[in-house]
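Try each one yourself before reading the solution.

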Amino acid sequence: MKIDGKPYRTIWLGDDGTTVQAIDQTLLPHKFVVRDFCTMEDAEKAIRTMIVRGAPLIGAAAAYGMALAMAADPSDAGLARAYEVLLASRPTAVNLRWALDDVRSLLFPLAPKARREAAYKRAAEICDEDVEICRRI
């Protein structure tokens, strides 16, 4: 979408390469506000409180939540905790579980030091895939 002539996605990686930014869906169409997610807990809250809405965006936010978690703690315990916390944010959301399962299966066999980069890469791919699906529609 374009806001004042500038193209936006609903969720994207911030310029610092770690922070995730998303349009606050609870304020649309009256206000345009971008929220920063600096931690996995920020992503969980955004999903739980419906700052992010719609199946594809929920999945993308969950994938980026996993990436934020891996930036903070890429251990096996950190991976397991992130999965459980994010899944509990909206347990009936199909895209949420799909994205979490997808990212977890990618990250689990990797060495912890390789998980951060792989998680951010896969989250971006999930976003790109969703954009392409919407374009085709």
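**Exercise 1.** Which residues touch the most other members of the largest nonpolar core?

*Solution.* Keep in mind that this is a predicted model. Start with the core itself, which has 39 residues. Within this core, I11, F37, I47, V52, M66, L96 and L100 touch the most other members. Next, look at where the core residues come from: β4 (20-23), α1 (40-48), α2 (55-72), α3 (76-89), α4 (94-107) and α5 (112-136) each supply at least two. The largest share, twelve residues, belongs to α2. Finally, pick out F37: beyond its neighbours within four places in sequence, F37 contacts I11, T19, V20, A22, D42, A43, A46, V52 and L68.

**Exercise 2.** Find the buried residues of α4 and explain how they are placed around the helix axis.

*Solution.* First list the residues under 20% relative accessible area: in α4 the buried ones are L96, A99, L100, V103 and L107. They lie on the same side of α4, because their arc around the axis is only 95°.

**Exercise 3.** Which strands pair with β4, and in which sense?

*Solution.* Begin with β3 (residues 11-13), which runs antiparallel to β4 and is joined to it by three bridges. One of the pairs to look for is W12 with Q21. The two strands form a hairpin with six residues between them, and G17 in the turn has a positive phi of about 80°. Then move to β5 (residues 34-37), which pairs with β4 in the antiparallel sense over four bridges. Here V20 has F37 as its bridge partner.

Note on methods. Residues numbered from 1 in each chain as written. Predicted model: local features only at pLDDT ≥ 70, side-chain atom pairs only at ≥ 80, totals over all residues. Heavy atoms only, no water. Core = buried A, V, L, I, M, F, W, Y, C linked by side-chain atoms within 4.5 Å. Buried < 20%, exposed > 50% of the residue type's maximum accessible area, 1.4 Å probe, protein only. Contact = heavy atoms within 4.5 Å. Arc of directions from axis to C-beta. Pairing = 2+ DSSP bridges.
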